[in-house]
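Q: I am new to this structure and would like a close look at a single part of it. Please keep the answer plain and connected.

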Amino acid sequence: MKKVGKREVILIAGILILAAGCGRKERENQVMPQKAQVGEADLEKEPAKESLDFDEGPIAALYCEIYDQATEKGSYDALETVRSIVEGIGELGYVVADEENQINMAGAEQVLRFYRSAEERQEAELTIIVVSGSGELIKYDLHTADGTVDVVRGYYQYINGTLESVETVSYPADLWEYTKEGYLLFGGSYYSESYYALSLSDEPEYTALRVEPLDERCRELNRMYLLPVGYGENNLFLVDWSEQDFGNLNFYDLFDRFYPDIYGQPVSYAGNDNCSSEAIYRIPAEVFEYVIESHVRIDHEELQKKTTYYPEDQTYEYRPRGFYEVEYPEIPYPEVVSFTKNSDGTITLIVNAVYPEENTSRAYTHKTVVRPLDDGGFQYVSNQILFPEGGCELWWHSERLTEDQWKEIYGGKGP
């Protein structure tokens with residue numbers, strides 16, 4: 001039987017989502033072998049270090065102490081809680097990273113030694129522990145011999161003071177690469193009954209771990225300006241635009257992204273429960289304009305031209321995203337890799353889109369300029385795609401329906 005493609009899986013999963021009330025879609029992608037590349041200057045010529053035996057006792061005790069303290073403070077899944085766990089387990093001698101790659105890896109030199117062993121077809125073992133912010137721990141046991149790498153991945157859940165094994169799978173690494181951006185990428189596929197029923201193929205798994213440390217100021221700028229918006233259901237960082245020419249920037253998507261930041265709650269103009277989103281709203285101008293202008297410098301007349309505006313009652317038409325605008329669930333995430341403070345007070349950020357599901361630590365690169373404000377706020381000034389030349393294929397992204405498309409699907413005539 002023919003193996004279904006990526007977009008076919010999205011369509012099938014979308015139907016299941018609609019039937020289940022907008023649940024999460026299954027993911028599908030194809031892992032392709034990659035040639036590993038790493039410079040000799042990056043590796044110390046030392047014998048490969050074998051992995052430590054995984055001792056759950058000390059790690060569970062560490063989890064218990066840190067999470068109990070965090071719970072008392074009301075910061076159970078805070079970044080600093082995960083940082084404390086990463087650093088604490090790292091002091092036990094393990095290689096440790098966080099699931100979101102927001103903290104410098106502990107024991108990175110062990111990864112480089114293991115990578116060199118794989119390149120030189122030597123036998124070696126390594127354990128990498130990945131910590132999540134929700135009380136989960138992922139353990140990768142890697143073994144290399146004769147140039148191949150085998151992976152055993154286990155999920156552990158912290159329950160009542162112990163680390164309980166939830167799932168273990170194994171697979172040969174079809175993908176094994178150390179990128180010039182400082183990431184270790186590896187992946188493969190394994191049999192999963194539920195996934196095979198959907199896709200007629202084994203379930204793929206992808207891992208992207210930043211090994212090289214990153215300037216903490218870059219991380220802070222990323223958390224302030226990039227991660228809150230991200231690349232999902234908006235094109236703020238996907239297209240070229242500036243304050244002089246807003247191009248194809250979609251202000252309805254920006255309204256969805258900025259509204260929770262301004263009001264501290266989800267957008268109150270919601271679609272139908274079944275996600276078909278036949279709803280149409282008229283949002284008062286003072287609300288819509290306030291949300292957009294909180295982070296974008298644009299005059300009212302320009303904003304009205306870029307949207308559907310009704311001058312008779314000073315409202316903006318608004319249609320929530322629905323089923324036909326659902327995006328693929330696994331998307332890239334931004335990572336600020338350098339920045340420049342400009343003489344006019346703005347900050348230029350160089351950002352890589354890291355995309356584990358596409359087996360790359362640099363799907364594309366963009367330059368984003370932001371303007372910090374005296375009141376503690378900020379504005380986005382411009383965005384420009386730098387790499388690849390000609391732009392990136394955004395197959396996972398869905399544009400919001402145009403008015404004509406919306407009417408064709410729903411048969412609506414507007415409010």
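In the hairpin of β6 and β7, which residue takes a positive phi, and how many residues are between the strands?

A: The model is a predicted one. Gly182 is the residue that takes a positive phi, near 90 degrees, and the hairpin of β6 and β7 has 4 residues between its strands.

β6 covers residues 175–178, and β7 covers residues 183–190. The two run antiparallel and are joined by 4 bridges.

From here, a link leads to another part of the chain. Glu181 is among the residues in contact with Asn352, leaving aside the neighbours of Asn352 within four places in sequence. Asn352 is found in strand β14. Its relative accessible area is 7%, and because buried means under 20%, Asn352 counts as buried. The side chain of Asn352 makes a polar contact of 2.7 Å with the side chain of Thr365. Its other contacts include Tyr231, Tyr333, Pro334, Ser361, Arg362 and Tyr364.

β14 belongs to a hairpin of its own. β14 and β15 pair in the antiparallel sense over 8 bridges, and Leu349 has Thr368 in β15 as its bridge partner. This hairpin has 4 residues between the strands, and Asn359 takes a positive phi near 60 degrees. β15 then pairs with β16, antiparallel and over 8 bridges. Here Val369 has Ser382 in β16 as its bridge partner. β15 and β16 also form a hairpin, with 5 residues between them, and Gly376 in the turn has a positive phi of about 95 degrees. β15 itself is mostly covered, with 10 of its 13 residues buried.

In soluble globular proteins, nonpolar side chains tend to be buried together. The largest nonpolar core in this model has 49 residues, and those with the most contacts inside it are Tyr225, Phe251, Phe255, Ile292, Leu349 and Tyr380. The elements that each supply at least two residues of this core are α6 (216–226), α7 (251–263), α8, β12, β14 (347–355), β15 (360–372) and β16 (378–387). α7 gives the most, with 6 residues. Tyr225 is in contact with Phe237, Ile347, Leu349, Val370, Pro372, Phe378 and Tyr380, leaving aside its neighbours within four places in sequence. A second, separate core of 28 residues includes Tyr115, Leu126, Val169 and Phe186.

Helix α7 also holds Asp256. The side chain of Asp256 makes a polar contact of 2.5 Å with the side chain of Tyr318, and a polar contact of 3.1 Å joins the side chains of Asp256 and Arg400. Asp256 touches Val267 as well as Tyr318 and Arg400, not counting residues up to four places away in sequence.

Strand β12 (residues 315–318) pairs with β11 in the antiparallel sense over 2 bridges. Tyr309 has Tyr316 in β12 as its bridge partner. Together with β10, these strands form an open sheet of 3 strands in the order β10-β12-β11, with antiparallel pairing. The edge strands are β10 (281–284) and β11 (309–310), each pairing on one side only. Helix α8 (residues 285–293) packs on this sheet, touching β10, β11 and β12, and its direction makes about 75 degrees with that of β10.

The secondary structure comes to 10 helices and 16 strands. Of the 415 residues, 50% count as buried. Of the contacts with a separation of 6 or more, 60% are between residues 24 or more positions apart. A search of the whole structure finds 0 disulfides. Cys218 is buried, with a relative accessible area of 3%, whereas Cys392, at 26%, counts as partly exposed.

Key
Residues are numbered from 1 along each chain as its sequence is written. This is a predicted model: local features need pLDDT of at least 70, side-chain atom pairs count only at pLDDT 80 or more; totals for chains, interfaces and linings use all residues. Side-chain values use heavy atoms; hydrogens and water are left out. A disulfide is a pair of cysteine sulfur atoms within 2.5 Å. Buried means under 20% relative accessible area, exposed over 50%, partly exposed in between (1.4 Å probe, protein chains only). Two strands pair if DSSP finds at least two bridges between them. Contact means heavy atoms within 4.5 Å. Axes are lines fitted to C-alpha atoms, for helices over the stretch in contact, and angles run from 0 to 180 degrees between N-to-C directions. A nonpolar core is a set of buried Ala, Val, Leu, Ile, Met, Phe, Trp, Tyr and Cys residues joined through side-chain atoms within 4.5 Å. A polar contact is a pair of N or O atoms within 3.5 Å; within protein, one must be able to donate a hydrogen and the other to accept it, and residues adjacent in sequence count only if both atoms are side-chain atoms.
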